[in-house]
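Here is a friendly note to read alongside the model. Please keep the structure open while you go through the points.

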Amino acid sequence: MKQHQHGTEPSPVRLGPDPSPPEDYGVKPETLRRATLAGFAGTVVEWFDFAVYGFMAPIIAQTFFASESVVISLLQTFAVFAVAFALRPVGGALFGMLGDRLGRKQVLITTVLLMSGSTAVIGLLPGYQQIGVWAAVLLTLARCAQGLSAGGEYAGAVTYVIEHAPAHQRARWGSAMPTATFFAFAVAALLSFLLSAGLGQSAMEQWGWRIPFLVAAPLGLVAFWIRRRLDESPLFQEIKDSTAAPEHAPLRTTLAEQGKPMLILGGYISLTALSFYIFSTYMTTFLRNVVGMDATSVLLSNVIALSCAAVLAPFVGILCDRIGRRRTMFASVFLLILTAYPGYLLASSGTFGGALGGQIMIMLGTVSANVVTAVLLTEVFPTRVRYTAAGITYNISYALFGGTAPFIATLLIDLTGSPMAPAVYLTAIAVGAFVAAMLLPETSGRRLGAGVDDGSITTAAEPGPR
């Protein structure tokens, strides 16, 4: 069995969380907090920008597409939504390789600027009535730029933060990124709610919908200022400084060496992706277009549910560190299987309480899946290829199951005539994620660093120092 740089034999795969004391990277508490703030701030900007598109989908549909059918216009809008996700794996591979070669910090600065700039462009685009089909073309190009930047953002932010964290608190600190995503969606929903309530439907459709997109520009500059003041991650610096450590592997080698764990983890992340977008983005469309609720009530219920998710995520992170990754994965699967159908059934009642209650039910499993995914992205892959492998795995899963979620949910309801179709779809994916969770070993407390974590997680998991 392969020896690492200190000459000791790696331990066999563990099935429970490691009780070892924390791994010491020499990171000061204030440095860890600053790194977490930077990851949080940039992720908020990225996901706020992505969220706005989903919340404004009904207005975007009538602004950029000419179809007289509401369903067809929505399908076209969500198809453009999915196109951005199709570019995310490309962004994950591109920025992942750059992040593994040049460092995490520089790439994270680039991604936040690209996302905020492309989002602001959407807010300035003329509609179909002004330039015809070119409106949809330009919208698609802007969404492609968003997709590229998002592909390099989340996996990179998670990697950067967790590479600073002690081994026994990785999920706790890593939960800052799921918290940021839910917080960003909550802020986007709140801004959409305030604009809808304050401006009225007519003004929103004419010009009010552009405001959330234009807000992206100043937010991006703030995140850029925070990130440019950071140092490089200690684990990446260890790789860079170590003469014994291998150079960053090219993409083909990364896929060959890490293909199996990437495939298994991707199977679980399919549930993370689908549950997140079924809960956040599609739920507002479902409540407005299928249930028939008014926009302000829908957005208010969504703001409350997303805010609850943001508050819950750090506590799930603490719990995940205590009980381990596998138990957290299984809990998320069972929660979503048990709540998907009742949640959508309750939400379809047409009342504000029913809409909020249904979202809260689905939120529990969604938060659990997102928190454990964040830490798995770091613990499953070796430091030297972590950004690349995590970026590709995460973004392919989100392209296949997250980006297509609103489109498939809308299509399933139209084909079956049943408003419960999205819940059945979510339940089916949860069953598949259970199989993937069974195949992943426990990674809690795994040692990370140059020459330590090069072995595949499916064959050996090195615990922290005892």
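**Notes on the fold**

1. Among contacts in the protein between residues at least 6 apart in sequence, 86% link residues at least 24 apart, where a contact means heavy atoms within 4.5 Å. The model is a predicted one, in which local features need pLDDT of at least 70 and side-chain atom pairs count only at pLDDT 80 or more, while totals for chains, interfaces and linings use all residues. Residues are numbered from 1 along each chain as its sequence is written, and side-chain values use heavy atoms, with hydrogens and water left out.

2. The protein has 19 helices and zero strands. Both are DSSP runs numbered from the N terminus, with helices (H or I) of at least four residues and strands (E) of at least two. Of the 466 residues in the protein, 61% are buried; buried means under 20% relative accessible area, exposed over 50%, and partly exposed in between, with a 1.4 Å probe and protein chains only.

3. How do helices H1 and H6 pack? Helix H1 (residues 29-55) and helix H6 (residues 134-162) meet at an angle of about 155°, and their axes are 10 Å apart. That makes H1 roughly antiparallel to H6. For reference, axes are lines fitted to C-alpha atoms, for helices over the stretch in contact, and angles run from 0 to 180 degrees between N-to-C directions; angles under 35 degrees count as roughly parallel, over 145 as roughly antiparallel, 65 to 115 as roughly perpendicular and the rest as oblique. Residues of H1 at this meeting include Gly 39, Gly 42 and Trp 47, and those of H6 include Gly 147, Ala 150 and Tyr 154.

4. Now look at helix H4 (residues 104-124), which holds Ala 120. Ala 120 is buried, with a relative accessible area of 13%. Its contacts, not counting residues up to four places away in sequence, are Phe 213, Leu 214, Ala 216 and Ala 217. Ala 120 and Ala 216 are 96 residues apart in sequence, yet 5.8 Å apart in space, C-alpha to C-alpha.

5. Ser 118 is also found in helix H4. Ser 118 counts as buried because its relative accessibility is 7%. Leaving out residues up to four places away in sequence, Ser 118 touches Ala 142, Ala 145 and Gln 146.

6. Helix H10 (residues 216-227) has 12 residues and reaches 16 Å from its first C-alpha to its last, close to the 16 Å expected at 1.5 Å a residue; the expected span is 1.5 Å times one less than the number of residues. Which residues of H10 are buried? They are Ala 216, Gly 220, Ala 223, Ile 226 and Arg 227. Seen down the axis of H10, these buried residues fall within an arc of 120°, so they line one face of the helix; the arc is that of the directions from the helix axis to the C-beta atoms. The buried residues of H10 pack against H1, H4, H6 and helix H9 (210-214).

7. Helix H18 (residues 405-416) also reaches 16 Å from its first C-alpha to its last. In H18 the buried residues are Ala 405, Pro 406, Ala 409, Thr 410 and Ile 413. Down the axis of H18 they fall within an arc of 125°, so they line one face of the helix. After H18 comes Gly 417, with a positive phi near 75°.
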